[in-house]
Amino acid sequence: MSGEQRKRRRLAMTLAAVLFLGILEPGQGELKGDYSKISGIIIPGFASTQLRAWSILDCPYSPLDFYPLDLVWLDSTKLLSAVNCWLKCMLLDPYNQTDHPECKSRPDSGLSAITELDPGYITGPLSSVWKEWVKWCIEFGIEANAIIAVPYDWRLSPSMLEERDLYFHKLKLTFETALKLRGGPSIVFAHSLGNNVFRYFLEWLKLEIAPKQYIQWLDDHIYAYFAVGAPLLGSTETVKALLSGNTFGLPVSEVSGNSSIDVQFIWFGIMDDTIFKEKEFQSNYSGFSTNIINIEIPSTRGIDAYPSVSEFAQTNLSSMECGLPTQLSFSAREIADGTFFKAIEDYDSDSKRTLHQLKKSYHADPVLNPLTPWDRPPIKNVFCIYGVDLRTEVGYYFAPSGKPYPDNWIITDIIYEAEGSLFSRSGNQVEGNPGASSGDDAVPYHSLSWCKNWLGPRVNITRAPQSEHDGSDVQVELNVEHHYEDLVPNMTRSPRVKYITYYEDSESIPGKRTAVWELDKANHRNIVRSPALMRELWLQIWHDIHVDAPSNFVTKAKRGPLRDDDCYWDYGKARCAWPEYCEYRYVFGDNRRVIFPVGDPTFFRVPCRVIPWPPLLITGVYVRS
């Protein structure tokens, strides 16, 4: 492809957003038509930043030692062959979060730190996080200095991120440098735990900037905030990790003989991502669908330390006098405020350590207690995006195992939410208040959908297929009154179609614009690789760049192919599907697409590509030439 063809193709790609719409409703964009001024800042999620060794560690009985800059998280080879050394480089002190005396690790920097955690022919695709996202940016002609990753040590509490690494000072400088370099504000893309980090940064910034300049600084440096998979009220998996461990899907137990990676690692790693916020609702479950923990207390010791269940304990006194265990239940609030850990203090030697860290790093944090409910960030444009309708863990039953710590608790049952109902693994009946949907397989629906409270008093709701569509299956409800609770649209679903449901301000909070997108069957980890999500983000950003738009949000009327990978061969019609957008175009040596027709094992290479010519601009409306 010649230089002129490449330039023409890039121009086509940057304007190709309009090919989805047929008609593009322009939006009032403060970016004023100059996309070259935009920067994208990515704040990755939990365990989504590479960690590298900053020590020399000799590993006995293993041919692999650790040297400075060696990959620690994640090097599956060293994990399997030298797990004890690997753990020394990964674990932190349970009280002060300092490094192991023999080895320490630090987060890598740059985009390479978040694209693939364990690069390699086999391990690379399995550990890919932001690689597809970056690939999209490159395809659409985004310059290298316009996409900035801000990795961090996800094992640390937020206060330690600043104390040890000056992370939030560096993040502030990143925004200011991007503004000076590009000449315009940045768009923040945060995933999972990255949203909690960004929230803490906004609170920290209040103490660094004069109050009268705080909002102006945000307006100058941040145009929009895309919160992807944000655990706004936390996730139940933290409790499971605290009591019974978490291997992160890695074969640690088989290799090391331990039941899991040490609990302190789990606690410091995801506490502010997934512990629960102390929000009381009219229900008894502190904002969640059911009690988070149901646990058997093996004896009468320690009941006085648990006044909130003293009445419940009295009702079970007869069984306790006979030496039988008593089952106690704990809500989200009782976990966040430490009541649960006080109750098991006599039975779990690790609970004192947990209580110490809970008070030191969270309850007593001078900037922000991360275990409190979110208010809408004071940013002009906020988009909250998450997956729904996947089976998600929302509660657990624990019992003593009779073994010493860290294996002293076992899970006897798990409570799930799925498509608006609650059920247990054992089939037992579950009491609770299920939501209208279920979560994204890691974070419960109540936690993800908390951001619906940020919407204005009137909301437009649109449901459209995630895949390319002609608009025939788009449903709309306009000016729905919002009473700052969950919004449930009265819309139909085709059982074989995955939808995106958009909740967008019709009447906005003054000076603000808020939207919530729910993606059917979008997995918590993989949502950042969703082509539908990346397409919608791209269209919304291009809509905002358009200078004359009367609407706040891009229309959902139609979606067609945007990239070559979206084009495919229609064997029934013997042509490229979506002929108004795609054409058959062979390039010498082309082997980009392999298709296996039903019943025919022969390899077919059918190069359907997006038509490269840009549309014409006629009277303010984009149409095909």
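1. The hairpin first. Strands β16 and β17 form a hairpin with 5 residues between them, and glycine 511 in the turn takes a positive phi of about 80°. Helices (H or I, at least four residues) and strands (E, at least two) are DSSP runs here, numbered from the N terminus. This is a predicted model, where local features need pLDDT of at least 70, side-chain atom pairs count only at pLDDT 80 or more, and totals for chains, interfaces and linings use all residues. Residues are numbered from 1 along each chain as its sequence is written, and side-chain values use heavy atoms, with hydrogens and water left out.

2. Who pairs with β16? β16 joins β17 (residues 513-520) through 5 bridges, and the two run antiparallel; two strands count as paired if DSSP finds at least two bridges between them. If you want a spot to look at, tyrosine 502 stands opposite tryptophan 517 in β17. β16 also pairs with β14 (residues 458-465), again in the antiparallel sense, over 8 bridges. There, asparagine 460 has glutamate 504 of β16 as its bridge partner.

3. Is β16 (residues 499-507) enclosed or open? Of its 9 residues, 7 are buried, so the strand is largely enclosed by the rest of the structure. Buried means under 20% relative accessible area, exposed over 50%, and partly exposed in between (1.4 Å probe, protein chains only).

4. Helix α11 (residues 237-244) deserves a look too: 6 of its 8 residues are buried, so it is largely enclosed by the rest of the structure. The buried ones are Thr238, Val239, Lys240, Ala241, Leu242 and Leu243. Just after α11, glycine 245 takes a positive phi of about 85°.

5. Now the α7/α8 pair. Helix α7 (residues 158-165) packs on α8 (residues 167-182) at an angle of about 80°, with the axes 6 Å apart. That makes α7 roughly perpendicular to α8. On the cut-offs, angles under 35 degrees count as roughly parallel, over 145 as roughly antiparallel, 65 to 115 as roughly perpendicular, and the rest as oblique. Axes are lines fitted to C-alpha atoms, for helices over the stretch in contact, and angles run from 0 to 180 degrees between N-to-C directions.

6. Which residues make that contact? From α7 there are Pro158, Leu161, Glu162 and Asp165, and from α8 Tyr167, Phe168, His169 and Lys170; contact means heavy atoms within 4.5 Å. By class, the contact of α7 with α8 has 4 nonpolar, 1 polar and 3 charged residues. For the classes, Ala, Val, Leu, Ile, Met, Phe, Trp, Tyr, Cys and Pro count as nonpolar, Asp, Glu, Lys and Arg as charged, and the others, Gly among them, as polar.

7. Leucine 161 sits in helix α7 and is buried, with a relative accessible area of 3%. Leaving out residues up to four places away in sequence, leucine 161 touches Tyr152, Asp153, Leu156, Leu166, Tyr167 and Phe168. The C-alpha atoms of leucine 161 and valine 197 are separated by 9.4 Å, with the two residues 36 apart along the chain.

8. β2 (residues 51-53) is joined to β4 by 3 bridges, with alanine 53 opposite serine 105 in β4.

9. The peptide bond from tryptophan 73 to leucine 74 is cis, with omega near 10°, and leucine 74 is in the loop between β3 and α2 (76-81). Leucine 69 is not a glycine but has a positive phi of about 75°; this leucine 69 lies in the loop between β2 and β3 and is exposed, at 53% relative accessible area. Aspartate 441 also has a positive phi, near 85°. Aspartate 441 lies in the loop between β13 (421-424) and α19 (445-448) and counts as partly exposed at 29% relative accessibility.

10. Overall, the chain has 20 helices and 23 strands, and 55% of its 625 residues count as buried.
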